[in-house]
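Student: I would like to learn how to read the features of a protein model, one at a time and with the cut-offs stated. Could we work through one together?

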Amino acid sequence: MAKNKNEVRFNLKDSSATSETLINLVYRLQNGERLKYATGEKIKTELWDNKNMRALESGIDNNGNKINTKQKSIAKSINLQLGRYNSSISKIISYVERENLNANLEFFRKELDKEFKPEKVTNKSDKETDLVEYAKRYIDECKNGVRLSKSNDRYTLGTCKQYETS
């Protein structure tokens, strides 16, 4: 696939892995610097479409096996999250262009961390929160897809409502 400026790419960390491997976001800044950012998403290599840079949601995987319902669900969740990363990069680019900033790798990383790793950008004094604040943040993260269930799926609206009721 041709490399275009402002194109967000997603690559597997280890394309020859026999088990799940991480998916990295790769973006080339205007100044030529290359941003490589771990999405935290994992996938089996046979369920990854290199051409489209997304998880295979239907059809046949790279080993010739039919993709089952659970794999489809996981793939949809992964692709949704990758879409969020893509959208976030677009927002950052728009902001940089609108404000006429000379953004570097660190700027892009911090902006991505704000959205996808909010605990990483908090100050030590901010870490001391009470239970109610923590619960509100937890519910918001569940609703927004930042926090995923044990099976790497987004929490349903019903689950989020139950959490709010509690």
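Tutor: We will go from the overall layout to the core, then to the aromatic pairs and finally to one threonine.

Student: What kind of model is this, and how are its residues numbered?

Tutor: This is a predicted model, in which local features need pLDDT of at least 70, side-chain atom pairs count only at pLDDT 80 or more, and totals for chains, interfaces and linings use all residues. Residues are numbered from 1 along each chain as its sequence is written, and side-chain values use heavy atoms, with hydrogens and water left out.

Student: Where in the chain is confidence lowest, and where is it highest?

Tutor: The quantity to read is pLDDT, the predictor's confidence in each residue, from 0 to 100. The chain averages 86, and 90% of the residues score at least 70. Confidence is lowest in helix α3 (residues 131-144), at a mean of 83, and highest in β2, at 95.

Student: How many helices and strands does the chain have?

Tutor: Both are DSSP runs numbered from the N terminus, helices being H or I with at least four residues and strands E with at least two. Here there are four helices and five strands, and along the sequence they follow the pattern β-β-β-β-β-α-α-α-α.

Student: Which residues have the most contacts inside the largest nonpolar core?

Tutor: In soluble globular proteins, nonpolar side chains tend to be buried together. A nonpolar core is a set of buried Ala, Val, Leu, Ile, Met, Phe, Trp, Tyr and Cys residues joined through side-chain atoms within 4.5 Å, where buried means under 20% relative accessible area, exposed over 50%, and partly exposed in between, with a 1.4 Å probe and protein chains only. The largest core has 28 residues, and those with the most contacts inside it are Phe10, Leu25, Tyr27, Leu35, Ile89 and Phe108. Two or more residues come from each of β1 (8-12), β2, β3, α1 and α2, with α1 giving the most, eight residues.

Student: How many aromatic pairs does a search of the whole structure find?

Tutor: Rings of Phe, Tyr and Trp (its six-membered ring) pair if their centres lie within 6.5 Å; planes under 30 degrees apart count as stacked, over 60 as edge-to-face and the rest as tilted. The search finds eight such pairs. Tyr37 and Tyr85 have ring centres 6.2 Å apart and planes at 55°, so their pair is tilted. Because Tyr37 lies in strand β3 (residues 34-43) and Tyr85 in helix α1 (residues 69-99), this pair ties together parts that are 48 residues apart in sequence. Tyr37 counts as buried at 3% relative accessibility, as does Tyr85 at 2%. Tyr95 and Phe107 make a stacked pair, 6.4 Å centre to centre with 10° between the planes. Since Tyr95 lies in helix α1 and Phe107 in helix α2 (residues 105-116), the parts tied together here are twelve residues apart in sequence.

Student: Is Thr21 buried or exposed, and what does its side chain reach?

Tutor: Thr21, which lies in strand β2 (residues 21-28), is buried, with a relative accessible area of 5%. Its side chain reaches the backbone nitrogen of Asp14 at 3.1 Å. Taking contact as heavy atoms within 4.5 Å, and leaving aside neighbours within four places in sequence, Thr21 is in contact with residues including Leu12, Lys13, Asp14 and Glu41.

How values were computed:
A polar contact is a pair of N or O atoms within 3.5 Å; within protein, one must be able to donate a hydrogen and the other to accept it, and residues adjacent in sequence count only if both atoms are side-chain atoms.
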